[in-house]
Amino acid sequence: MSLRFQRAIVVGASSGIGAEIARQLAADGASVALVGRRAAELEAVAGTIRTAGKGTAFVAVHDVTQYDTAPPLFEKLVADLGGLDLIVYAAGNLFVPAESEYDFAKDRAMVEVQVIGAMSWLNLAGAHFEAQRAGTIVGISSIAGERGRRTMPGYTTAKAGLTTWLEALRNRLTRYGVNVVTVKPGFVDTAMTQHLVKKPMMIPAPKAAQLILATARAGGSPSAFIPGQWALVALIVRSIPSFLFRKLDL
Ligand SMILES: NC(=O)c1ccc[n+]([C@@H]2O[C@H](COP(=O)([O-])OP(=O)(O)OC[C@H]3O[C@@H](n4cnc5c(N)ncnc54)[C@H](OP(=O)(O)O)[C@@H]3O)[C@@H](O)[C@H]2O)c1
């Protein structure tokens, strides 16, 4: 049995993976609320959905670090959509520090968007879905969260925090019939990865979106690497002893 999502919120829908997820949900007939800071980019995604002629799109300009504004916006979007089946938290940011750069503001910004922003939106969704005894929450974490990496301390910490928080949310909600899905992509060709030098096994954003939605539609509460080959890489990376791992330029 495959789940069909008819009413969805995508947080971080203005570009990359989130925009592709929104387009593919609408192509399947869903009404989708597109959330992000950049109005023009959100309108462009909504425009492609309207032009395609399937599903509907609402645009909501919102900064996930403006935490007080999330509850009224969540209520409004659920009302506009006529209910909610799915929320995807795709908002993310990546700052890679230079060799001797130690930047608190950038580390904080990554935790604020990827951990606290997710807590803000997904607590709202969790309460809503627990009450209706159904619903699916998808959080986009990363393979990067498997270890603390010297090249991206703030990002790897934010993704590890998100992965752990989603696991706890899953452990609260599955007993109420709510699915909590953690997806951990490897490299995906988006604005976020443009400046990275090494990008092994990179896939296009539409492929990542397709794999993420297939994972969510399959039901249950999986934690899945995107694509699945990264599970083997994660196994190897997790097994490297700390004294060796610190010597690697990962
Ligand atoms: N690309 C990869 O290789 C890769 C791999 C693993 C995981 N991921 C994760 O996948 C997710 C999507 O990233 P992407 O690769 O598609 O990059 P992207 O194109 O840069 O998308 C990032 C999205 O996050 C939104 N966002 C960032 N800060 C926000 C804020 N303060 N408030 C609201 N929205 C905010 C952006 O919208 P606005 O700028 O309009 O606000 C944009 O829609 C991220 O969580 C990323 O960490 C990516």
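A polar contact is a pair of N or O atoms within 3.5 Å. In this predicted model, a nitrogen atom of the ligand lies 2.9 Å from a polar backbone atom of Val64, so the pair falls within that cut-off. The briefing covers the ligand site, then the nonpolar cores.

**Ligand contacts**
- The backbone of Gly12 places an N or O atom 3.3 Å from an oxygen atom of the ligand.
- For Ala90, a backbone N or O atom is likewise 3.3 Å from an oxygen atom of the ligand.
- On its own the ligand has 870 Å² of accessible area, and the protein covers 94% of it.

**The shell around the ligand**
- There are 29 residues around the ligand. Ser14, Arg37, Tyr155, Val188 and Thr190 come nearest.
- By class, the shell holds twelve nonpolar, 13 polar and four charged residues.
- Helix 1 (16-27), helix 4 (104-132) and helix 5 (153-173) each contribute at least two shell residues.

**Nonpolar cores**
- Nonpolar side chains tend to be buried together in soluble globular proteins.
- The largest nonpolar core has 34 residues. Ile21, Leu25 and Leu34 touch the most other members.
- Elements that each supply at least two residues of this core include strand 1 (7-11), helix 1, strand 2 (31-36) and helix 6 (205-217).
- Leaving aside residues up to four places away in sequence, Ile21 touches Val10, Val88, Ile140, Ala209, Ile212 and Leu213.
- A second, separate core has 30 residues, among them Val35, Val64, Phe74 and Leu173.

Terms used
Residues are numbered from 1 along each chain as its sequence is written. This is a predicted model: local features need pLDDT of at least 70, side-chain atom pairs count only at pLDDT 80 or more; totals for chains, interfaces and linings use all residues. Side-chain values use heavy atoms; hydrogens and water are left out. A residue is near a molecule or strand if one of its heavy atoms lies within 4 Å of it. A polar contact is a pair of N or O atoms within 3.5 Å; within protein, one must be able to donate a hydrogen and the other to accept it, and residues adjacent in sequence count only if both atoms are side-chain atoms. Accessible areas come from the Shrake-Rupley method with a 1.4 Å probe; for residues, only the protein chains shown count as cover. Helices (H or I, at least four residues) and strands (E, at least two) are DSSP runs, numbered from the N terminus. Ala, Val, Leu, Ile, Met, Phe, Trp, Tyr, Cys and Pro count as nonpolar, Asp, Glu, Lys and Arg as charged, and the others, Gly among them, as polar. A nonpolar core is a set of buried Ala, Val, Leu, Ile, Met, Phe, Trp, Tyr and Cys residues joined through side-chain atoms within 4.5 Å. Buried means under 20% relative accessible area, exposed over 50%, partly exposed in between (1.4 Å probe, protein chains only). Contact means heavy atoms within 4.5 Å.
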